[in-house]
Amino acid sequence: MKKIKLLLAIAILFSIFSASAQDQLKRANTYFDRAFYSEAIPLYEEIATTNKSAAVIKNLADSYYNTYQMPQAAKWYAYLTSIYGETLNETYFFKYSESLKATGELNTSFEILTQYYQVKEDTRQLKKLKSDFNYLGNIQAIGPRFSIENLALNTTNSEFGAVQIADQIVYTASKKKNAKIYRWNNQNYLDLYQQPVSELMYGDSLSKSFSTTINTKMHEGTFAITKDRNTLYFTRNNFIKGKKKTDAKKVSNLKIYRATRVDSMWTNITALSFNSDDFSNEHPSLSSDEKTLYFASDRSGGFGSFDIYKVHIQENDFYTDPENLGSLINTDKKEQFPFIDKNDNLYFSSNGHPGFGLLDIFIAKKDKNQFHKPDNVGYPVNSSYDDFSYFQNKDKGFFASNRPGGKGSDDIYSFTITKPLKIEACAQVIVGVVTDRTTKKPLPFSTVRLLDSDHHEIAQVITKEDATFSFAVDCEMQYRIEAKKEQYEDNFKVLRTTKERNAKIDASLSLYATAEKERVARIVLQEKEKQALEKVRVAQEKKLKEEKEAAEALVVQEKQYKEKAERDKAAHISKTINTEKAIVKEKNRTVIKTQAINFDYNMWYLRRETRERLETVVATMENNPSITIEIGSHTDRRGNNNYNKELSQKRANSVKTYLLENGIAAERIIAKGYGASQPIIACASDDACSEEEHELNRRCEFVIVKWE
């Protein structure tokens, strides 16, 4: 019966635990489905300690990915792909690759996708991946082409979407005051703000709301404004008559709204006709003639997550049907944040085109009403994290990034273009001079060969009078350069070219003349014979030196021992002075301080109170058996010097006798009479001092003269 009860209790506890775990998983999944990733993460982390199913790890990794915690995302995608790799689609390998890019592992990120496509035998994607890798190498080879600066108005929350309008910068930021929390990232909802460009250095304290009619309790963000400043297109949540509206998944999608300025007030705010409750439209941008509106949308029928579309603006606020910009611009990933410059070139952010991690900024130049293939704008505007909301006016502008090193979340950066975007296939030149190894002089008419890593000859030249050579080569390749000439030994050099375009790689070679080599060989033989004799001599000197050094080391050791003993002694003295109340440091001497040891005039016997006071000396010497004292006895000035000297010595002896009687060893006591030579109070004559002052001069002092 007891056993049955125990089993029943265990079953009940297991049932309760199982139900609790299921409830926690259900709650985590609800947060995840509603994009409350910050709240889902701690639940999934706890669940993953006992449940590492594919579904749990997918959602945990995606939650970190969507909140830009890339090291943690990479960790869980690594686990996911290693355990469940055969059951996963490309999406998770792509996110793993992007997470690795964000953590600075660009090469490894390409290796992850390469392995995936190799398993899938997807030769098309493998070819594209290799092309993308080489393309990024060409972008990197340009080097930094912008100077950038993190704006002072940035905070630990999000700031992005900066646009300069006249003397103002208008930007999107988390609400500056207490507001509704966006549970995707646990920050306040977004609003539009403005601040004078001339006052950016003062931080965001001077920022003010762009418009009380535009900003609501929901998200307001990226915008486009007409040149006359009277029409505004902006992004906002699906928000109707003060209430949020959601889709079937309880997600409030984004819409593009239009507002007009009347008497300095933004009014007539309406949602554009091509919006929907079931998908998002966002990030409006106007063409230079303001007749075309570009935007991003995740509506169905696109190529991927978000694509870039355009509509033509007609009279009376009518718009043509949205037109997808096509596969040249859009990919099966994400394209957002379009910006059209004054030449109608398209800038946008994408994680589907060749990039350095997450969203990168691209430019698609427009020519004859057609966009060219997009190009990555390069470093340092693009990084391994999200780079987006690009705005440019002439050679300056703004962009946003959540890269490490900022003030937190998304930050706005200003930029100045310092170098044109000139993308070239990487090429380098191997150059050099063939010289005589000994004389350093050029060796004309030498034969120089260029070989690949498999030792296949690529090119051969015979140097002219200046003995120089050069070969055009590819980047990031290994080459072997060989040089030879009659009456010289052959020589070679193996090198690998770098990523830097148009770089010159020095491969100069020196050849060793055979006659010189033979001459040196004879000298070397003679030198070896000398060295044998020298070796014996050096061994003898070494022995003598070691003996000398040992003796010197012994001296040093003894010195160090003495110095340590002195330091220990000094430390002991210092400690004793600090702990013994009666021992006092006075100027350049150390004394045992007692109440006054005075004597009657012309007498040397010890008074009763004097004996009591001497107990302090006795106790101190008993507590510190390592000290030796001098009893310094002094008289007043009355009487002649010889008499006073003799009297003071008697007094010192009296004190010494007392100490001896109380057990203090004689060798620790020095009794010395000083007569009237060291008065405390200097009296000009016998009558110049009172009896009390004479009595003060009649004293005993106990000076510590030795510490063992």
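**Reading pockets, salt bridges and rings**

Colleague: Which strands each supply at least two residues of the lining of the second largest pocket?

Modeller: At least two lining residues of that pocket come from each of strand 2 (159-165), strand 8 (220-225), strand 14, strand 19 (335-340) and strand 25 (387-393). Strands are DSSP runs of E with at least two residues, helices are runs of H or I with at least four, and both are numbered from the N terminus. This is a predicted model, in which local features need pLDDT of at least 70 and side-chain atom pairs count only at pLDDT 80 or more, while totals for chains, interfaces and linings use all residues. Residues are numbered from 1 along each chain as its sequence is written, and side-chain values use heavy atoms, with hydrogens and water left out.

Colleague: Which residues lie nearest the centre of the second largest pocket?

Modeller: The general idea is that rolling a probe the size of a water molecule over the atoms shows where empty space is left. A pocket is an open set of points on a 1 Å grid over the protein atoms alone, where a 1.4 Å probe fits and protein lies on both sides within 12 Å along at least five of seven lines; lining residues have an atom within 4 Å of a point. Here the lining has 42 residues, and those nearest the centre are Phe339, Ile340, Asp341, Phe391 and Gln392.

Colleague: How many salt bridges does a search of the whole structure find?

Modeller: Side chains of opposite charge can pair when their charged atoms come close. The search finds 33 salt bridges, each a side-chain nitrogen of Lys or Arg within 4 Å of a carboxyl oxygen of Asp or Glu. One of them joins Asp62 and Lys95, whose closest N and O atoms are 3.2 Å apart. Because Asp62 lies in helix 3 (residues 54-66) and Lys95 in helix 5 (residues 90-102), this pair ties together parts that are 33 residues apart in sequence. Both Asp62 and Lys95 are buried (under 20% relative accessible area with a 1.4 Å probe, protein chains only; exposed is over 50%, and partly exposed is in between).

Colleague: Where do Asp277 and Lys255 lie in the chain?

Modeller: Their side chains meet in a salt bridge at 2.9 Å, N to O. The pair links distant parts of the chain, since Asp277 is in the loop between strand 13 and strand 14 while Lys255 is in strand 12 (residues 254-262), 22 residues apart. Asp277 is partly exposed, with a relative accessible area of 22%, whereas Lys255 is buried, at 8%. Salt bridges that share partners also join Glu586, Arg589, Lys593, Arg699 and Glu701 into one network.

Colleague: To how many aromatic pairs does the count come?

Modeller: Rings of Phe, Tyr and Trp (its six-membered ring) pair if their centres lie within 6.5 Å, and planes under 30 degrees apart count as stacked, over 60 as edge-to-face and the rest as tilted. The count comes to 31 aromatic pairs. Phe274 and Phe295 form a stacked one, with 4.9 Å centre to centre and 20 degrees between the planes. This pair links distant parts of the chain, 21 residues apart, with Phe274 in the loop between strand 13 (265-271) and strand 14 (281-286) and Phe295 in strand 15 (residues 292-297). Phe274 counts as buried at 9% relative accessibility, and Phe295 counts as buried at 0%. Elsewhere, ring pairs link Phe146, Phe339, Tyr347, Tyr390, Phe391, Phe398, Phe399, Tyr413 and Phe415 into a cluster.
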